[in-house]
Amino acid sequence: MPTGKLYRNGLTMGAGGNRAPVGGKRGRVEGWSTAAVRRHTRWLYGVDTESLTGHGWSLTLTLAEIPPTPEAWTRLRKEWLDQVRASGLVLRSHWVVEWTRRKRPHLHCAVYLHDDLSTADAWRLLVGPWLRLAAKYGSGPRGQHLAPITGALGWLEYLSKHAARGVAHYQRQGKPPGWETTGRLWGHTGGWPTVEPAEVDLTREEFYRFRRLVRSWRVADARQQLREARDLGEAAAARRRIRSARRMLASNDRDLSRVRGVSEWIPEGLGMALLLIAAGDVAGAGALQAERAPGPRRAPRPQRQTVES
């Protein structure tokens, strides 16, 4: 029987009978895999955006040279995080490891602090330790980025830029030359407010209708992203998303196409409304959306990339 899960920020829906569910003991980490991306995405889906407290900062921390071993990179990441947390000001943190085109590792992070610091003070607290620890790898101030995360929308913008990428994205392909493993590729510390997903069962007919509704929504959202594009880079990202959305259910294998599931960044209320429509309860879906006015939260959208070299 098809089953689905509705999270705060996204949803998953499958035809049932998965013999390799997410979970279980992980072995050697040799780079981003489909399973790793799935685990990361489902954790992000469950973060209760409206309950995030404190003062958030988004960081990108880079190197000019590749550490000689994955152990050296892991040690650098841990030492930086330990020094930042030793300040006593950190409420929670989330980090993701990715690669530049030349396979240099870098970190994307979200750090929430107890205190409302100025940008200069936040730089000293968060970026300063990285510059000291990573100096041996040519790290300098010009290669680092720091920006405030403002409210729920700021968290969604952080997700769209740094956390909502798939395994096929170039920053998640391969690993640095000479590395046999990579170490952990994402993690979080502190108290993150998360909510368990709502689980639903569907008939086959409802499952097929729901998949088509998600595809239609994804195409429409990508077209809106194209209309709102501020430059050629954002427009190109939107066009790629439109093409991907149109093909999301396509397969040359008819049997595979029939059971292909969906996983999408759709807010919980909108996902429930689509489920009601798939079940034939259009009036109930309208009432649900009206009850949640002033409208659904925006889903994270892929953005133009900023780390290239």
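Guide: What follows is a set of questions and answers on a predicted model.

Visitor: What makes the pair glutamate 268 and arginine 8 a salt bridge?

Guide: The closest N and O atoms of glutamate 268 and arginine 8 are 2.6 Å apart. The cut-off is 4 Å between a side-chain nitrogen of Lys or Arg and a carboxyl oxygen of Asp or Glu, so the pair counts as a salt bridge.

Visitor: Which parts of the chain does that pair tie together?

Guide: Glutamate 268 belongs to helix α8 (residues 268-278), while arginine 8 sits in the loop between β1 (3-6) and β2 (11-14). The parts tied together are therefore 260 residues apart in sequence.

Visitor: How many salt bridges does a search of the whole structure find?

Guide: The search finds six. One of them joins glutamate 264 and arginine 218, with the closest N and O atoms 3.5 Å apart. Glutamate 264 is in strand β9 (residues 262-264) and arginine 218 in helix α5 (residues 204-227), 46 residues apart. Both glutamate 264 and arginine 218 are buried.

Visitor: How do you know that aspartate 221 and arginine 241 form a salt bridge?

Guide: Their side chains meet at 2.9 Å, N to O. That value is within the 4 Å cut-off, so the pair qualifies. Aspartate 221 lies in helix α5 and arginine 241 in helix α6 (residues 232-246), so the pair ties together parts 20 residues apart in sequence. Aspartate 221 and arginine 241 are both buried. Elsewhere, salt bridges with shared partners join Arg8, Asp48 and Glu268 into one network.

Visitor: What is found at the start of α6, and within what distance?

Guide: A side-chain oxygen of aspartate 231 comes to within 3.1 Å of the backbone nitrogen of glycine 233. Glycine 233 is among the buried residues of α6, which also include Glu234, Arg241 and Ile242. The cover over the buried residues of α6 includes α5 and β9.

Visitor: How does the reach of α6 compare with what is expected?

Guide: α6 has 15 residues and reaches 21 Å from its first C-alpha to its last, close to the 21 Å expected at 1.5 Å a residue. For helix α1 (residues 34-45), with twelve residues, the reach is 16 Å, close to the expected 16 Å. The buried residues of α1 include Ala36, Trp43 and Tyr45.

Visitor: Why does glutamate 199 count as exposed?

Guide: Its relative accessibility is 63%. Exposed means over 50%, so glutamate 199 counts as exposed. Glutamate 199 is placed in strand β8 (residues 198-201). Neighbours within four places in sequence aside, glutamate 199 is in contact with Gly4 and Lys5.

Visitor: Is threonine 60 buried or exposed, and what makes its link to histidine 108 a polar contact?

Guide: Threonine 60, in strand β3 (residues 55-61), has a relative accessible area of 4%. That is under 20%, so threonine 60 is buried. The side chains of threonine 60 and histidine 108 are joined at 3.1 Å. The distance limit for a polar contact is 3.5 Å, so the pair meets that limit.

Methods: Residues are numbered from 1 along each chain as its sequence is written. This is a predicted model: local features need pLDDT of at least 70, side-chain atom pairs count only at pLDDT 80 or more; totals for chains, interfaces and linings use all residues. Side-chain values use heavy atoms; hydrogens and water are left out. Helices (H or I, at least four residues) and strands (E, at least two) are DSSP runs, numbered from the N terminus. The expected span of a helix is 1.5 Å times one less than its number of residues. Buried means under 20% relative accessible area, exposed over 50%, partly exposed in between (1.4 Å probe, protein chains only). Contact means heavy atoms within 4.5 Å. A polar contact is a pair of N or O atoms within 3.5 Å; within protein, one must be able to donate a hydrogen and the other to accept it, and residues adjacent in sequence count only if both atoms are side-chain atoms.
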